[in-house]
Amino acid sequence: MEIKLNKDIQKLQDSFFIGLNFRQTVFGGLGLALGALIYLETTKHGINTELASWICIAVVAPFAALGFVTYHGMPFEQLVRVWVKHYILCPKRIVFRLENDFYNRDKMRIEAAEKKEATSDE
């Protein structure tokens, strides 16, 4: 038995903290804490603020993706797993071959007609 629901209801998420679900809250907090820590440590060691901010973005981006990115109902880590399997571990080379099923089915009749035509021309 299948119960049909509206798409709006299917995408409904529970709110954990200020409108974010638990997953988004955890990964957002981890990213924020790690970004602040890296920024403070890099600027303390003499790296200019622009480079420090780019380093923070590079480090925090995976945490943001883990918390907020979903594609076809899959979370980010499952999406990466599917992508790696599809494009790296099991790539398929698709080769185009022209096959005419009608010709293969009627091949004997066509060859007989061509032979008959060739003998009648001589």
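**Salt bridges, helices and one kink**

Reader: Starting with Glu-41, which residue does it form a salt bridge with?

Author: Glu-41 pairs with Lys-44, and their closest N and O atoms are 3.5 Å apart. A salt bridge here is a side-chain nitrogen of Lys or Arg within 4 Å of a carboxyl oxygen of Asp or Glu. Bear in mind that this is a predicted model, where local features need pLDDT of at least 70 and side-chain atom pairs count only at pLDDT 80 or more, while totals for chains, interfaces and linings use all residues. Residues are numbered from 1 along each chain as its sequence is written, and side-chain values use heavy atoms, with hydrogens and water left out.

Reader: Where do Glu-41 and Lys-44 lie?

Author: Both are in helix α2, 3 residues apart, about one turn of the helix. Helices (H or I, at least four residues) and strands (E, at least two) are DSSP runs, numbered from the N terminus. An α-helix has 3.6 residues a turn, so residues three or four places apart point the same way.

Reader: And Lys-44, buried or exposed?

Author: Lys-44 is exposed because its relative accessible area is 58%. The cut-offs: buried is under 20% relative accessible area, exposed is over 50%, and partly exposed is in between (1.4 Å probe, protein chains only). Glu-41 comes out partly exposed, at 33%.

Reader: How many salt bridges does the rule give?

Author: The count is 3. Arg-105 and Asp-106 make one of them, at 3.5 Å from N to O, and Arg-109 bridges to Asp-106 with the closest N and O atoms 2.9 Å apart.

Reader: Switching to the fold: how many helices and strands?

Author: There are 6 helices and 2 strands. From the N terminus the order is α-α-α-β-β-α-α-α. Buried residues make up 11% of the 122 residues.

Reader: What share of the contacts joins residues at least 24 apart?

Author: Of the contacts between residues at least 6 apart in sequence, 38% join residues at least 24 apart. Contact means heavy atoms within 4.5 Å.

Reader: Give me an example. What does Leu-34 contact?

Author: Leaving aside neighbours within four places in sequence, Leu-34 is in contact with Val-59 and Phe-63. Leu-34 sits in helix α2 and is partly exposed, at 27% relative accessibility. Leu-34 and Val-59 are 25 residues apart in sequence, with their C-alpha atoms 8.0 Å apart.

Reader: What about Thr-42, which residues does it touch?

Author: Thr-42, also placed in helix α2, touches Ile-47, Ala-52 and Ile-55, not counting residues up to four places away in sequence. Thr-42 is buried because its relative accessibility is 12%.

Reader: Now α3. Where's the kink?

Author: The kink is at Val-60, about 35 degrees, shortly before the proline Pro-62. That bend is the angle between axes fitted to the seven residues ending there and the seven starting there.

Reader: Which α3 residues are buried, and what covers them?

Author: Ala-52, Cys-56, Ala-65 and Gly-67 are buried. The cover includes α2 (22-44) and α4 (76-89).

Reader: Last topic: how many aromatic pairs?

Author: The count is 1. Trp-83 and Tyr-87 form that pair, 5.6 Å centre to centre with 45 degrees between the planes, which is tilted. Rings of Phe, Tyr and Trp (its six-membered ring) pair if their centres lie within 6.5 Å; planes under 30 degrees apart count as stacked, over 60 as edge-to-face and the rest as tilted.

Reader: How far along helix α4 are Trp-83 and Tyr-87 separated?

Author: By about one helical turn, because they are 4 residues apart in α4. Trp-83 is partly exposed at 47% relative accessibility, and Tyr-87 is exposed at 52%.
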